[in-house]
Amino acid sequence: MNETLLAEWCAEIEADPTRIRTRFPAAAREVGRTPGTSPEPGADRVEDDVRVRLLDALGRGLADDADGLSAEIHDLYRFGDADERRAVLLGLGHLSEVLGDRAVDLLHDALRTNDPRLVAAAVGTYAARLDDAAWRQAVLKCLFVGVPLRLVAGLETRADDELRRMVADYAAERRAAGREVPADALPFLPAPTTTTRES
C-alpha cells in the first residue's frame with residue numbers, strides 16, 4: 001500500500017469532498033490491492049482498507065452536511081463495481097454518526113443479492129440500524145449464502161427467540177430436503193432431547 005499517496009488523497013478529499021468521485025474507483029489500482037479478485041466473505045483486503053480510509057476522509061469533509069455525505073455515498077455505491085460497493089458497505093459503520101439512517105437502503109440492496117461478499121459487508125456495525133425483522137432476515141441470508149455468522153456484528157446481544165425460531169424452521173426445511181444444516185446454525189437450535197427405553 002502506498003501510504004504517502006493515500007495520505008495525500010485523504011487530505012485532498014477532506015478539503016474537496018467531490019474528489020472522492022475519481023479517487024475512490026482508482027484506489028485499488030493506484031494505492032494498493034490484495035492480489036486476486038474473489039475474496040472469501042470477510043477476508044481482509046488492502047483495497048477495502050484503502051477505500052474505507054477515503055470514506056473516513058469524506059466523512060470528515062462533510063461532517064456538517066449529512067445529506068451531502070449521503071448523496072456521495074449513494075453515488076459511489078450506485079455507480080461502483082462489486083469491490084467498490086463492498087467498500088462502501090464496510091465504511092458505513094465509520095460514518096454512522098453523521099449519516100444516521102440515510103444509507104440503510106444500501107444494506108437492503110446488498111442483502112437482496114446472492115453475493116456473499118456484499119452480504120458479509122452489509123452485516124457489519126451499520127446493520128445495527130436495521131429494524132428487528134430486517135436484521136433477522138439478514139442473519140438468515142448469511143446462512144443461505146454461506147457467510148459465517150461470526151461476521152454479523154452484535155449477533156450475541158441481538159439474537160432473540162424469534163431468530164431462533166426462524167433458524168429452526170430453516171434447519172427443518174434443510175433436513176427435510178436431505179440437505180446439511182450449516183454448522184453456524186446449530187447453536188441456535190434446541191438441544192436434542194434424549195429418549196430412554198424402559199427395560
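## Largest pocket

The residues that line the largest pocket divide by class into nine nonpolar, three polar and seven charged. This description rests on a predicted model, in which the largest pocket has a volume of about 290 Å³. Its lining is made up of 19 residues, and among these G42, A43, D44, D48 and L90 lie nearest the centre of the pocket. The elements that contribute two or more residues to this lining are α3 (46-61), α5 (82-99) and α7 (116-122).

## Packing of α1 against α3

Two packed helices are described by the angle between their axes and the distance between the axes. Helix α1, which spans residues 3-15, packs with α3 at an angle of about 25°, and the two axes are 7 Å apart. Because angles under 35 degrees count as roughly parallel, α1 and α3 are therefore roughly parallel to each other. The crossing in which α1 passes α3 is right-handed.

On the α1 side, the contact is formed by E3, L6, W9, C10, I13 and E14, which meet V50, R53, L54, A57, L58, R60 and G61 of α3. Sorted by class, the contact of α1 with α3 has eight nonpolar residues, one polar residue and four charged residues.

## Overall architecture

The secondary structure of the chain comes to 10 helices and zero strands, so that, read from the N terminus on, the order of elements is α-α-α-α-α-α-α-α-α-α. Taken along the principal axes, the C-alpha atoms of the chain fill a box of roughly 80 × 35 × 25 Å.

Terms used. Residues numbered from 1 in each chain as written. Predicted model: local features only at pLDDT ≥ 70, side-chain atom pairs only at ≥ 80, totals over all residues. Heavy atoms only, no water. 1 Å grid on protein atoms, 1.4 Å probe; cavity = no way out; pocket = protein on both sides within 12 Å on 5 of 7 lines; lining within 4 Å. Points joined across faces, edges and corners; volume = space filled by probe spheres on them. Helix = DSSP H or I, 4+ residues; strand = E, 2+ residues; numbered from the N terminus. Nonpolar A, V, L, I, M, F, W, Y, C, P; charged D, E, K, R; others polar. Axes fitted to C-alpha atoms, helices over the stretch in contact; angles between N-to-C directions. Parallel < 35°, antiparallel > 145°, perpendicular 65-115°, else oblique. Left-handed = near helix turned anticlockwise from the far one by under 90°. Contact = heavy atoms within 4.5 Å.
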